[in-house]
Amino acid sequence: MSNLVSPEWVDSKIKDENTVFFDCRFSLADPEMGFEMYKKDHIEGAYYADLDKHLSGTISTHGGRHPLPSVNILSQFLSSCGVDSEKIIVAYDDQSGTMAARFWWLMKYAGLNNVYVMQGGYTHYKEKGYAVSSKVPNKQSSEIKLDFNDNMIITREELVKALQQKDKLLLDAREPNRFKGITEPIDPVAGHIPTAINVPWEIHFNEPGCWKDKKDLKNLYKDHLVDNKSPVVYCGSGVTACVNILAMNEAGLELPILYAGSWSDWISYNDHEKETH
């Protein structure tokens, strides 16, 4: 079964009480932009999921720019949106699927499997003439129990050990120039984690927000997934790496593990090696 749903399908479910929509639009350069756009208009009935406030935890010295949220943060947010274990959950953004993929991954991590990402993004949906609204839905209160699956993540300490034992395939989801250390627009140090292979998140789309089909997604990894090594994916802060994870899951490949702290966590330790090439 696919992780993706069409704008047409979404429009058909607008009045369905068993489906909850989440607007995940967000700009790393302007953290308030997504919510401002949401207030202007959004898919009718959708709640706003803020990357910083709802989909991430508190930043500290280590852990990266977008550490994972606590059970309390995530459960309280989802409860206020009426989510329970029976609901169908659909996420969308206008950032080529990056923020929606983070939401999708978090739901899977939290034990909620009935979650999907809308193909094409919000602008594509709106251009088709489907139902949008500026009305913010009322807060709710549902009973929800989250069960975080720690097998889906790897800590920095575990990653260091895995790299020493050479039993993990490490994939870097950032764009090539950041991977090579040619440019670094966000983090204070450029480069990548030693042994990592670059599989940029952007290559999973035919056009922004429109995911490739299962066969094409699988072909993107045919030359990388060798030697029976379990894949680990990272990016700058554990957001765009979720695109790769969703894509691999969509292709029917082994679900990779997320290094949630990613590059921004790795470089917070001065003794870690960094490569540029």
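Reader: What share of the contacts in the protein with a separation of 6 or more comes from residues 24 or more positions apart?
Author: Residues 24 or more positions apart make up 76% of the contacts in the protein with a separation of 6 or more, where contact means heavy atoms within 4.5 Å. This is a predicted model, in which local features need pLDDT of at least 70 and side-chain atom pairs count only at pLDDT 80 or more, while totals for chains, interfaces and linings use all residues. Residues are numbered from 1 along each chain as its sequence is written, and side-chain values use heavy atoms, with hydrogens and water left out.

Reader: How many helices and strands are there in the protein?
Author: The protein has ten helices and 13 strands, which are DSSP runs numbered from the N terminus (helices H or I, at least four residues; strands E, at least two).

Reader: And why does the radius of gyration agree with a compact globule?
Author: The protein has a radius of gyration of 18 Å, which agrees because a compact globule with 277 residues would be near 19 Å; the radius is taken over C-alpha atoms, and the globule rule is 2.2 Å times the number of residues to the power 0.38. Along its principal axes, the C-alpha trace spans about 50 × 40 × 30 Å.

Reader: How many of the 277 residues count as buried, in percent?
Author: Of the 277 residues, 55% count as buried, the classes being buried under 20% relative accessible area, exposed over 50% and partly exposed in between, with a 1.4 Å probe and protein chains only.

Reader: Switching topic, what volume does the largest cavity have?
Author: The largest cavity has a volume of about 30 Å³, and the structure holds one cavity of 30 Å³ or more. A cavity here is a set of points on a 1 Å grid over the protein atoms alone where a 1.4 Å probe fits but cannot get out, and lining residues have an atom within 4 Å of a point. Grid points are joined across faces, edges and corners, and the volume is the space filled by probe spheres set on the points.

Reader: Which residues line the largest cavity?
Author: The lining consists of A91, Y92, D93, G97, A100, V117, M118, G120, G121 and G209, and the elements that give two or more residues to it are β5 and β6 (115-118).

Reader: Where does K87 lie, then?
Author: K87 sits in the loop between α3 (71-80) and β5 (88-92), and it counts as buried because its relative accessible area is 16%. Leaving out residues up to four places away in sequence, K87 touches E17, N18, V20, G82 and N114.

Reader: Is K166 buried or exposed?
Author: K166 is exposed, with a relative accessible area of 61%, and it lies in the loop between α6 (156-165) and β8 (168-172). Although K166 is not a glycine, it has a positive phi of about 55°.

Reader: What is phi of S262 near?
Author: Phi of S262 is near 55°, a positive value in a residue other than glycine. S262 is in helix α10 (residues 262-266), and it counts as buried at 0% relative accessibility.

Reader: Last one: which residues is L217 in contact with, leaving aside its neighbours within four places in sequence?
Author: With those neighbours set aside, L217 is in contact with H204, K212, A247, E250 and A251. L217 lies in helix α8 (residues 214-219) and counts as buried at 0% relative accessibility. L217 and A251 are 34 residues apart in sequence, yet 5.6 Å apart in space, C-alpha to C-alpha.

Notes: On a 1 Å grid over the protein atoms alone, a cavity is a set of points where a 1.4 Å probe fits but cannot get out, and a pocket is an open set with protein on both sides within 12 Å along at least five of seven lines; lining residues have an atom within 4 Å of a point.
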